Amino acid sequence: MHPIILRLCGFVTLFAVLAQAKPACPNTLAFYNPNLRTSCYNATWFILPVPKSSVQAVVPYPLITPPFSDKTLFPTGFPANTHPVYVSIGYQNDIRMKSLQIPALLGANIYVPYTDRLRDGKTPFNYAVQIYIGGVDGKDLEAGVPAAVATLTGTTVLVGFFAPNNDAYAPIASNPSEFSAQVKQVVVPNPLSGPSVRPSAIDLDFITAASASSALYTERTFRVFLNQAQILTNLLCQRNTYYFNETFAEPRLRSGNATLYPPLAGSVPKELGGRYVRQGGLSASAEVLGSMPEGCREAAANVDPAAVM
């Protein structure tokens with residue numbers, strides 16, 4: 001049993017440890033794409049049904065109704081009058097672009113898929129509501145420069161404090177094996193001593209789904225959501241392509257609860273705040289390839305079909 005797991009939770013059984021992927025998956029794309037941003041992201045994603053009017057209030061573009069009748073994406077359907085919002089928390093390893101390299105960062109985000117950036121009623125995009133990155137082992141300030149650079153190039157990124165701060169998620173109970181991941185926004189850091197201001201953002205608490213047939217979504221659901229081109233703040237868009245085809249991807253469908261903390265209690269827009277119980281998720285390691293910003297029509301047209309199959 002890995003010593004980090006023992007320190008985190010000594011009472012967790014061997015089965016719980018086996019149900020948790022190693023945090024630092026290898027970056028296998030950098031060699032073939034030296035001029036693009038590449039990494040390996042070990043994360044947990046959850047899809048949340050949010051009232052459509054609330055989602056529209058935070059997205060400055062129309063929404064496209066997802067194909068809820070497609071059983072390969074929504075095998076149990078989707079709640080009426082809601083729109084999917086997906087959240088993730090994870091460990092991003094071996095981040096490379098040209099001569100630049102960051103060993104690891106923690107990351108979390110809140111996205112609205114099926115956003116109609118082109119206003120054509122059919123081409124889906126991801127709209128970023130909140131994105132957080134944090135340094136490993138509680139070193140919040142190590143994320144400051146990457147967050148500032150990303151914000152300047154069209155992706156608003158906030159500095160976050162993560163728990164656990166050296167893994168994608170942590171075991172918290174056994175029988176059944178239960179896991180947790182949390183992120184707080186770092187508003188006022190204090191790297192030396194004393195308190196800092198860290199309003200809560202996202203909490204995930206989950207178990208492995210009993211079976212694929214009992215899961216709310218399929219693995220393909222997440223591939224389709226994640227691989228929609230992302231809308232940037234500078235009128236351009238960007239493809240962040242997620243590949244789950246490596247042997248170490250270890251995908252596991254999840255079931256659990258997600259809490260998004262609104263203002264006063266936290267840092268998430270009030271329209272999305274709340275506790276979402278018995279929702280569906282996925283834990284897996286993905287190879288991530290970040291394209292250069294491009295026109296939104298081009299970004300949507302150039303999505304790699306192999307990534308969503």
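A residue counts as lining a pocket or cavity when it has an atom within 4 Å of one of the grid points that make up that space; a pocket is an open set of points, while a cavity is one where a 1.4 Å probe fits but cannot get out. Keep in mind that this is a predicted model.

Start with the largest pocket, which holds about 940 Å³ of space. Its lining takes in 32 residues, and those nearest the centre are R37, Q92, I95, P146 and A150. Several elements give two or more residues each to this lining: β1 (37–51), β2 (82–97), β3 (100–115), β4 (125–134), α4 (144–152), β11 (240–243) and β13 (274–290). The largest share comes from β3, with 8 residues.

How many cavities of 30 Å³ or more does the structure hold? There are 2 of them. The largest cavity has about 50 Å³ of space, and around it sit Y86, Y111, N126, L226, Q228, Q230, N240 and Y242. That lining is made of 4 nonpolar and 4 polar residues, with no charged ones.

The second largest cavity comes in at about 40 Å³. Here the lining residues are N227, Q228, A229, R239, N240, T241, V303 and D304. By class, the second largest cavity has 2 nonpolar, 4 polar and 2 charged residues around it.

Note on methods
Residues numbered from 1 in each chain as written. Predicted model: local features only at pLDDT ≥ 70, side-chain atom pairs only at ≥ 80, totals over all residues. Heavy atoms only, no water. 1 Å grid on protein atoms, 1.4 Å probe; cavity = no way out; pocket = protein on both sides within 12 Å on 5 of 7 lines; lining within 4 Å. Points joined across faces, edges and corners; volume = space filled by probe spheres on them. Helix = DSSP H or I, 4+ residues; strand = E, 2+ residues; numbered from the N terminus. Nonpolar A, V, L, I, M, F, W, Y, C, P; charged D, E, K, R; others polar.
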